[in-house]
Amino acid sequence: MTTGSPAAAQSLLDTPARTVQPAATRPPVARAKSARSRPAPVPSVRTVTLVSGEPGSTALDTAYDLTTGLGGEGPRLQAVVGAGGERAITDVLRTRGVDMGILTTADLKRAETEDVGRQVVYIAKLHNVELHALARADIAHLTDLDGKVVNLGEAGSSTQQVARRVLQHLGIRFTEANFGPAEATARMRGAEAEGIAASFFLTGKPGALYAGLAAADGLHFLPVPYEPGLGDIFYPASLGHAEYPALIKGEESVDTVAVAAVLVAFDWAERTDRYRQLAAFTTALFAGFDRLRAPGRHPKWREVNLAAALPEWRRFKPAQQALDERVRQAAGGTGTGTAMAGGGAR
């Protein structure tokens with residue numbers, strides 16, 4: 001019986017009892033109509049769920065391209081907005097219904113201490129993501145941030161981990177703020193005397209967040225020096241005029257550091273339906289990789305090399321099988337081998 005509002009339920013209780021008709025005199029039409037009006041069972045939809053990054057991040061753009069760029073092959077991909085970092089690891093490990101996540105090598109390095117390698121595998125090492133340090137006009141160098149308020153992004157995010165590591169390595173003392181990159185940028189453009197001096201954001205260039213900014217806003221990118229002492233997960237990188245024409249002049253460039261983005265998955269048991277769905281998605285990814293590199297997709301896809309390895313981590317078995325098949329096709333001249341194209345994250 002369907003229960004309505006409390007008032008409706010009370011009216012039923014207040015209604016006098018009716019005389020029940022004998023079964024022989026009841027019209028059979030009502031029962032037949034009820035049976036015909038019952039909706040047919042809806043077939044289950046094959047889905048895999050991916051937790052991506054925060055708004056404005058390359059991880060979220062990557063997730064969107066994956067949901068729309070594989071031509072309907074494989075199971076339906078459901079993308080969920082996340083914050084990256086330790087929360088993404090937690091989502092992949094413990095959140096019900098989540099199969100995959102887009103993390104960085106900095107996230108995975110931190111996770112090594114928690115022994116999550118037995119439960120997490122990687123499908124593909126993706127592109128590099130660059131550390132953007134946006135500062136007020138009165139801040140010329142990172143050392144000028146000493147004693148200032150600096151935004152490191154949401155607590156627990158990949159940005160916080162990487163930016164904090166860089167600043168601490170350089171011996172810069174700062175007061176940490178934890179705003180989203182858009183809110184921090186808006187605060188920096190304001191006239192607050194004790195406002196944020198600089199804001200960091202870890203995202204692949206060009207970052208959409210900076211598209212509406214210009215030098216007239218009184219903001220600019222700070223150089224971030226690469227030093228080997230940062231660790232082997234960091235790479236030297238740069239931001240240029242081509243990516244940010246309104247913030248970087250002519251042939252100038254701004255040095256920075258980068259880490260790699262990685263598509264990881266929970267290590268489901270092979271006999272489970274979740275494993276089979278994830279395997280079907282992986283097959284579709286390798287088969288449809290060229291579509292992701294087409295014009296109109298994020299330019300970072302052109303950097304991806306699906307053959308790039310993470311020596312300390314296990315590759316998802318169907319991903320390795322798909323990669324081996326592409327190698328055999330390329331060697332036999334029966335395939336283009338473009339699934340391994342691109343410079344790839346180093």
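Trainee: How many nonpolar, polar and charged residues are in the lining of the largest cavity?
Mentor: This is a predicted model, in which local features need pLDDT of at least 70, side-chain atom pairs count only at pLDDT 80 or more, and totals for chains, interfaces and linings use all residues. Residues are numbered from 1 along each chain as its sequence is written, and side-chain values use heavy atoms, with hydrogens and water left out. A cavity is a set of points, on a 1 Å grid over the protein atoms alone, where a 1.4 Å probe fits but cannot get out, and its lining residues have an atom within 4 Å of a point. With Ala, Val, Leu, Ile, Met, Phe, Trp, Tyr, Cys and Pro as nonpolar, Asp, Glu, Lys and Arg as charged, and the others, Gly among them, as polar, the lining of the largest cavity has eight nonpolar, 11 polar and two charged residues.

Trainee: Which elements give two or more residues to the lining of the largest cavity?
Mentor: The lining has 21 residues, with Ser57, Ala59, Thr104, Ser158 and Leu202 nearest the centre of the largest cavity. Helices (H or I, at least four residues) and strands (E, at least two) are DSSP runs, numbered from the N terminus. On that basis the elements are α3 (58-68), β3 (100-104), β4, α6 (158-169) and β7.

Trainee: What volume has the second largest cavity?
Mentor: Its lining includes Ile89, Leu103 and Trp313, and by class that lining is nine nonpolar, no polar and no charged residues. A volume is the space filled by probe spheres set on the grid points, which are joined across faces, edges and corners. The largest cavity holds about 210 Å³; for the second largest cavity the volume is about 40 Å³.

Trainee: Is alanine 135 buried or exposed?
Mentor: Alanine 135 lies in strand β4 (residues 120-136), where 17 of 17 residues are buried. Buried means under 20% relative accessible area, exposed over 50%, and partly exposed in between (1.4 Å probe, protein chains only). Alanine 135 has a relative accessible area of 0%, so its state is buried.

Trainee: What separates the C-alpha atoms of alanine 135 and alanine 197?
Mentor: Ala197 is among the residues that alanine 135 touches, not counting those up to four places away in sequence; contact means heavy atoms within 4.5 Å. The two alanines are 62 residues apart along the chain, and their C-alpha separation is 5.9 Å.

Trainee: In β7, which residue is the bridge partner of leucine 134?
Mentor: Two strands pair if DSSP finds at least two bridges between them. Six bridges join β4 to the antiparallel strand β7 (residues 198-203). In β7, the partner of leucine 134 is serine 199.

Definitions and conventions: On a 1 Å grid over the protein atoms alone, a cavity is a set of points where a 1.4 Å probe fits but cannot get out, and a pocket is an open set with protein on both sides within 12 Å along at least five of seven lines; lining residues have an atom within 4 Å of a point.
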